[in-house]
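Reader: I am new to reading protein models. Could you walk me through this one?

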Amino acid sequence: MQRPEARPRQHPEGAAPGGGGGGDRTAAAAAAGAMDPTRPLFQEPSLYTVKAIFILDNDGQRLLAKYYDDTFPSTKEQKTFERSVFNKTHKTDSEIAFLEGLTIVYKSSIDLFFYVVGSSQENELMLVAVLTCLFDSLNHMLRKNVEKRSLLDNLDGVFLVVDEIVDGGVILESDPQQVIQKVNFRVDDSPLSEQSVAQVLQSAKEQIKWSLLK
């Protein structure tokens with residue numbers, strides 16, 4: 001027996017298939033959009049993902065900071081925010097914090113604290129990717145000696161690393177090896193890069209000069 005052909009239900013003119021007014025139509029459209037496999041489930045994040053990156057020592061003092069918008073327009077406001085963040089995070093085992101409507105991911109190493117700040121709506125995984133890239137890049141650059149003195153001795157290189165990862169709040173790179181290559185640091189097992197050799201030679205010249213002056 002031939003099955004009868006299915007016919008769509010008839011609706012009053014101007015009415016939505018689910019019945020009801022505009023609210024029902026909106027709900028039905030939203031539901032349809034949510035079921036559409038080609039449509040993203042979450043709202044696309046802003047291109048300007050990162051609001052700030054800063055590194056503090058274990059006393060909460062700033063060693064490096066880059067802010068990418070005017071959320072904290074003055075240095076005084078920035079340092080006040082950094083102190084609040086440090087007080088909230090330096091004794092906890094968590095890796096994420098929420099403060100003043102912002103999302104903060106962080107990591108510590110010996111006597112350093114690394115922070116990446118985004119908006120409260122920002123994808124935490126994106127911020128963590130930036131943080132991980134920053135730490136791993138510095139770990140390569142500093143020959144796995146990620147501590148305050150080593151960082152201060154190579155501060156120019158640290159700024160270059162940050163600038164290769166984020167520019168104006170936009171994430172440029174999340175692969176630490178690519179970052180290292182772009183700032184002309186070698187990532188192989190050789191004990192000294194060309195830049196390190198130059199630093200050693202300069203240091204030796206300074207020591208010889210001061211020894212002659214004594």
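Author: Helices (H or I, at least four residues) and strands (E, at least two) are DSSP runs, numbered from the N terminus. Here, Glu100 lies in the loop between E3 and E4. This is a predicted model, where local features need pLDDT of at least 70, side-chain atom pairs count only at pLDDT 80 or more, and totals for chains, interfaces and linings use all residues. Residues are numbered from 1 along each chain as its sequence is written, and side-chain values use heavy atoms, with hydrogens and water left out.

Reader: In which order do the strands of the sheet come?

Author: Two strands pair if DSSP finds at least two bridges between them. Five strands make an open, antiparallel sheet, ordered E2-E1-E5-E4-E3. At its edges are E2 (62-67) and E3 (96-99), each pairing on one side only.

Reader: How many bridges join E3 to E4?

Author: Four bridges link E3 with the antiparallel strand E4 (residues 102-109). Leu99 stands opposite Leu102 in E4. In the loop between these strands, Glu100 has a phi near 55 degrees, a positive value in a residue other than glycine.

Reader: Where does Lys144 lie, and is Lys144 buried or exposed?

Author: Buried means under 20% relative accessible area, exposed over 50%, and partly exposed in between (1.4 Å probe, protein chains only). Lys144 belongs to the loop between helix H3 (124-141) and helix H4 (148-153). With a relative accessible area of 70%, Lys144 is exposed. Phi of Lys144 is near 65 degrees, again a positive value in a residue other than glycine.
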